Each structure stands twice: as structure tokens, then as C-alpha cells.
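Visitor: Can you walk me through this one? Keep it quick.

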Amino acid sequence: MKRHGMLNSHISKVLSDLGHTDYIVIADAGLPIPEGVAKIDLAIKAGTPTFTEVVDAVAEDMVIEKIIIASEIEAGNPKTAKYLKEKFAGAISEQVSHEDFKQLTKNAKAVIRTGEITPYANIILQSGVFF
């Protein structure tokens, strides 16, 4: 058994397999998952686990060089937008339309589905390197 870090074996495997510039997505309960992209479903019930809990846990175990979020988050979910700006202050940040965001998820290695039920609580994390 692992002593610390990501305990979920599916997420741990995805993180271990990431190469530089690979994408993973952390999504709310409603984001459509493209066919052919691995889905790691953590949702237990509405609101559990939260988007921020999952983002915090993944970010603790991943080198992140860039984030991509939907531009609609600013107006549609300002609390989560503020959290993401503060959490990833040192990373490159890009905003795209929600429709373009959904298209980008087709390139992800995996989508981690949370129980979050607030609008636009979705993020693409682009892998960096630790050296």
C-alpha cells in the first residue's frame, strides 16, 4: 500500500503514464465524456466529491505547466474561477469557450468525473516535467 500521494489506483496509473504536454481533465458531474477517452468516475452523489477536493489531490501529485478552463466560468461560477486563479497562479492559464473546451477533452488521457454540480467546474491540466 502507498504511504502517501494519490491512493486511487486508476488516477495514480494515469498520472504515472503522463508525458510532457499530455492532458487530463477534472470534470463536474455533467461534462460529456468523449468516446474513447478513459473515464475515472469518482461521483458518489450530487456534490461528493467536490471539484476542489479532487483538483487539490491531483495537483499534489502532478507536475502541471498549464491549465485550460472555459471562459464562461468567470460569470457562471465566480467562486470556482477565483479558486482556480489562486491555485494555479504559477501555471500558464488559457481560457476557451465551453464548446471548444469540450472539443479539447477528446485529446485527454483521462477524464476524472467528480460529483460537482456547479456550472463550468471543469479543468484541463497539461502535464509538465519536474526537471
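Guide: Of the 131 residues of the protein chain, 44% count as buried. Buried means under 20% relative accessible area, exposed over 50%, and partly exposed in between, with a 1.4 Å probe and protein chains only.

Visitor: What kind of model is this, and how are residues numbered?
Guide: This is a predicted model, where local features need pLDDT of at least 70, side-chain atom pairs count only at pLDDT 80 or more, and totals for chains, interfaces and linings use all residues. Residues are numbered from 1 along each chain as its sequence is written, and side-chain values use heavy atoms, with hydrogens and water left out.

Visitor: OK. How many helices and strands in the protein chain?
Guide: Five helices and six strands. These are DSSP runs numbered from the N terminus: H or I of at least four residues for helices, E of at least two for strands.

Visitor: In which order along the sequence?
Guide: The pattern is α-β-β-α-β-α-α-β-α-β-β.

Visitor: How does the radius of gyration sit against a compact globule?
Guide: The protein chain has 14 Å, which agrees with the value near 14 Å for a compact globule of 131 residues. The radius is taken over C-alpha atoms, and the globule rule is 2.2 Å times the number of residues to the power 0.38. Along its principal axes, the C-alpha trace spans about 40 × 35 × 30 Å.

Visitor: And contacts between residues at least 6 apart in sequence: what share join residues at least 24 apart?
Guide: That share is 89%. Contact means heavy atoms within 4.5 Å.

Visitor: Give me an example. Where is Ala 108?
Guide: Ala 108 is in the loop between helix 5 (98-104) and strand 5. Its relative accessibility is 8%, so Ala 108 counts as buried.

Visitor: What does Ala 108 touch, leaving aside neighbours within four places in sequence?
Guide: Tyr 23, Ile 24, Val 25 and Val 37. Val 25 is 83 residues away from Ala 108 in sequence, yet their C-alpha atoms are 6.6 Å apart.

Visitor: Now Lys 79. Buried or exposed?
Guide: Lys 79 counts as exposed because its relative accessibility is 71%. Its place is in helix 4 (residues 78-87).

Visitor: Switching to backbone. Which peptide bond is cis?
Guide: A cis bond joins Thr 48 and Pro 49, with omega about -10°. Pro 49 sits in the loop between strand 2 (38-41) and helix 2 (51-61).

Visitor: What about phi at Thr 21?
Guide: Phi of Thr 21 is near 80°, positive in a residue other than glycine. Thr 21 is in the loop between helix 1 (9-17) and strand 1 (23-27). With a relative accessible area of 41%, Thr 21 is partly exposed.

Visitor: And Tyr 120: what is its phi?
Guide: About 60°, so positive although Tyr 120 is not a glycine. Tyr 120 lies in the loop between strand 5 (110-113) and strand 6 (123-127). At 26% relative accessibility, Tyr 120 counts as partly exposed.

Visitor: Last topic, rings. How many aromatic pairs?
Guide: One. Rings of Phe, Tyr and Trp (its six-membered ring) pair if their centres lie within 6.5 Å; planes under 30 degrees apart count as stacked, over 60 as edge-to-face and the rest as tilted. Phe 130 and Phe 131 form an edge-to-face pair, 5.7 Å centre to centre with 90° between the planes. Both Phe 130 and Phe 131 are exposed.
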